[in-house]
Structure formats: structure tokens, C-alpha cells
Amino acid sequence: MAGLFLVVGAAGCATSEASPARHEEEVAPSASAEHQEPGAHASASGSAHGPVHADHPWAYTGDKGPTNWGDLDPKWEQCEVGKNQSPIDLPAVGDEPHGVDKLSVDYMAVPLRVKHNGHTVEVQNRTDSFITIGNKRFDLLQFHFHSPSEHTVAGQRFPLEVHFVNKARDGELAVVGVLFETGDFNKTLEEVWKRMPKSETQDYVNHEKRLVNVADLISPTEGYYHYPGSLTTPPCGEGVRWFVMKETRDIEQRAVDLFRAVIGGRSNRPVQPIGARKVFFFTP
Ligand SMILES: [Zn+2]
């Protein structure tokens, strides 16, 4: 039984093979990415490799790090006292999902609008991309990255994780996570990586002629985990439906290194207690 149906929008297919110029860029040495975008020169040419986070209210290390998030702001209490927090260590064998709603993913290629918010690199979605859980629709808002991975599987950590954040009309959130292993060049990620802001940006930077075929990053063939969790950053709000794909994707080590350099270090919250929760596994 298929636990997940993947439908790629026709527009996404048609545009995934783009212009000769794009092909040329793909085979160009990665070093050229540094000064590829004229608009990025001002920020990329400074000394701001590894941004300074002094003005940020939270961080992944130090005094403002994850173990102190709950104390930094009363509104972030859930980070400390919440019982259904994310990420978690996913078990090798999950519970059988009897009567639990399945996921279906219906993502189109996303024109690249990318922002460096000081904690991650985020791509905003404005296409009609969505997921469906049972009969409930959640629209894709954005996707972003963490390195190393936030979720682990039977204790194993991965070099990168992407989170696709989806929101229903009533405000409920559902996140689809994909884990990456070090390996081959990833053509889909490279569309983002080549235009990743090298330091923090106030707003999204537009490269809307570039399409990120996000459906390529999500595969149902090995099944997926599902559990109730939270945001993995302050305010750590709960009631988030999590879906993490079992099948990983490849990323080159140099691409992991580039992301770490741009973010200025690690960007993962430690795993949280599973507590009384069940972690379901949907077989394909
Ligand atoms: Zn995330």
C-alpha cells in the first residue's frame, strides 16, 4: 500500500530542463558561486563569513543556546517544559499507524526566493504547493535547512536536514523532513546553494527564474515516520505534525561545508525526550 503519493505539477516538469546558461552554471567550478550574483557583492565581499549573532535573541551554542532557550523569554517556556518537543531520535522500528491519517505530497517547482535569517537559509514558496493529511490541506510556506540533522534515526545523525513547513487554514502546522547523507552532487540543492546569501539578509533575495524542483528531494519508496512534535526553534510551540522520510538524499561534503560556513557553525537543536508519544512508521 502506498503511504504517500507524490504528484509533481506539470509546470515543474516542463521547467526543470532550463536554458543553456543554466547548464553552463551547473558545470562551472563551485568557487564561482561566491561572486555569481551582482546583487550579492556588497554583502559577500565583506569579512562577514560566519555572521555575528550578537543581536539575535537565541543561538545554537553558548549562553543563548538550546539548553537555555526556555529561560531567555517567558514566551519560550515550552522549550523547557514542553512534553512533545522536536526533534527526536526516531526509532529503528516505529509503531504501526492503524487509523492514522496518511500523508500525500503535491509540490511544484518553487521559484527561488531565498533569505539568510542568521539561523538558517530559507526559501519562500508562493506556488500552489501543498500536502494533504487525511482530508486536510496544508500549504507549503517555506523550506529551510539544518546542519547537522536535527532528527536522528536509531542514534545515527546525518550531515543535513531540510524542513518543508506547511500550514493549514486554521493555523495548524505540519513539517516534512528529509535527511541527507554525504555522497554525490545534488542537482536540486545546488540551485539553492549557488545563490545562497553569504551573510544575513533583511528580506528575501529574488532569483525567481531559478526553479527548485523540491519534489525531487522527497521520496516515498522507503516509507516515512510520523509523530506529534513542535517547532525546533523558539518559541518551540507544540501541535506540529511531523513527517520524516526514511529515504535519504545525497549531498556533497563541500556543500555541507559551505552551508556551515555561511551559517557560522552548527544549526541543530539536540534531540528531545519522546516521552509518552508514539512514533508511527508508514511502510510504502
Ligand atoms: Zn527546521
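This is a predicted model: local features need pLDDT of at least 70, side-chain atom pairs count only at pLDDT 80 or more; totals for chains, interfaces and linings use all residues.
A154 is not a glycine, yet its phi is positive, at about 50°. The residue lies in the loop between β7 (152–153) and β8 (160–167). C236 also has a positive phi, of about 60°, without being a glycine. With 26 other C-beta atoms within 10 Å, however, C236 is buried. Most residues other than glycine have a negative phi, and most peptide bonds are trans.

C236 is located in the loop between β11 and β12. P235 lies in the loop between β11 (224–230) and β12 (238–245), and the peptide bond from P234 to P235 is cis, with omega near 10°. Another cis peptide bond, with omega of about 0°, joins S86 and P87. P87 is found in the loop between α5 (78–81) and β1 (89–90).

The largest nonpolar core comprises 57 residues, of which V192, V212, Y225 and F243 touch the most other members. Strand β9 (residues 173–182) makes the greatest contribution to this core, with 6 residues. Beyond its neighbours within four places in sequence, F243 is in contact with L103, A174, V176, G177, Y224, Y225 and H226.

L103 belongs to strand β2 (residues 103–106), where L103 and V105 form a covered face and S104 and D106 an uncovered one. In a regular strand the side chains alternate between the two faces of the sheet. Strand β2 runs antiparallel to β5 (residues 130–133), and 4 bridges join the two. Within this pairing, D106 stands opposite F130 of β5.

Note on methods:
Residues are numbered from 1 along each chain as its sequence is written. A nonpolar core is a set of buried Ala, Val, Leu, Ile, Met, Phe, Trp, Tyr and Cys residues joined through C-beta atoms within 7 Å. A residue is buried if 20 or more other C-beta atoms lie within 10 Å of its own, exposed if 12 or fewer, and partly exposed in between; C-beta atoms are placed from the backbone. Two residues are in contact if their C-beta atoms, placed from the backbone, lie within 7 Å. Two strands pair if DSSP finds at least two bridges between them.
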